[in-house]
Amino acid sequence: QVQLVESGGDLVQPGGSLRLSCAASEFVLKYYPIGWFRQAPGKEREEVSCIKSGDGSIFYADSVKGRFTISRDNTKNTVYLQMNSLTPEDTAVYYCAPACSVNIATMYNYWGQGTQVTVSL
């Protein structure tokens, strides 16, 4: 069973920034894509961003494009999600998983505990 560990969530004011971290094994980073997802209260879990292994191609949801940046540090076996210009609509529990799709991550039970991001005054 492959599960990753998220960290970095916090309470931040609108317009602020936050960086989330996703710790994985070297094996996972080498062979799996790493996706960031989020689930706001009363809403379905959604894809936020994903970085693929191999060519490192990247995907962003339209709602975060231009504000969030995903990156990978192979020396630390960590994938980051830099979040800038945060709005209350970004409030959610954020998860990372070795997949780019909610359906795939759910099918293989890749979900960890997540990390809470709250954007509020």
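Which residue of strand 5 does Trp 36 stand opposite? Trp 36 stands opposite Ser 49. The views below come from a predicted model, in which local features need pLDDT of at least 70, side-chain atom pairs count only at pLDDT 80 or more, and totals for chains, interfaces and linings use all residues. Residues are numbered from 1 along each chain as its sequence is written, and side-chain values use heavy atoms, with hydrogens and water left out.

**View A. The open sheet of 6 strands has the order 2-10-9-4-5-6.** Its pairing is mixed. Strand 2 (11-12) and strand 6 (58-60) stand at the edges with a single partner strand each, so one side of each has no neighbour in the sheet. Strands are DSSP runs of E of at least two residues, helices are runs of H or I of at least four residues, and both are numbered from the N terminus. Two strands pair if DSSP finds at least two bridges between them. Strand 4 (residues 34-39) and strand 5 (residues 46-51) run antiparallel and are joined by 5 bridges.

**View B. Strand 10 (residues 115-119) has a covered and an uncovered face.** Thr 115, Val 117 and Val 119 make up the covered face, whereas Gln 116 and Thr 118 make up the uncovered one. In a regular strand the side chains alternate between the two faces of the sheet. Strand 2 pairs with strand 10 in the parallel sense over 2 bridges, and Leu 11 stands opposite Thr 118. Strand 9 (residues 92-97) runs antiparallel to strand 10, with 3 bridges between them; here Ala 92 stands opposite Val 117.

**View C. Cys 22 and Cys 96 form a disulfide.** A disulfide is a pair of cysteine sulfur atoms within 2.5 Å, and here the sulfur atoms are 2.1 Å apart. The torsion about the S-S bond is about 85°, so this disulfide is right-handed. Cys 22 lies in strand 3 (residues 18-23) and Cys 96 in strand 9, so the pair ties together parts 74 residues apart in sequence. Both cysteines are buried, where buried means under 20% relative accessible area, exposed over 50% and partly exposed in between (1.4 Å probe, protein chains only).

**View D. Cys 50 and Cys 100 form a disulfide with sulfur atoms 1.7 Å apart.** Its S-S torsion is about -65°, so the disulfide is left-handed. Cys 50 lies in strand 5 and Cys 100 in the loop between strand 9 and helix 2 (102-107), 50 residues apart. Cys 50 is buried at 2% relative accessibility, whereas Cys 100 is partly exposed at 28%.
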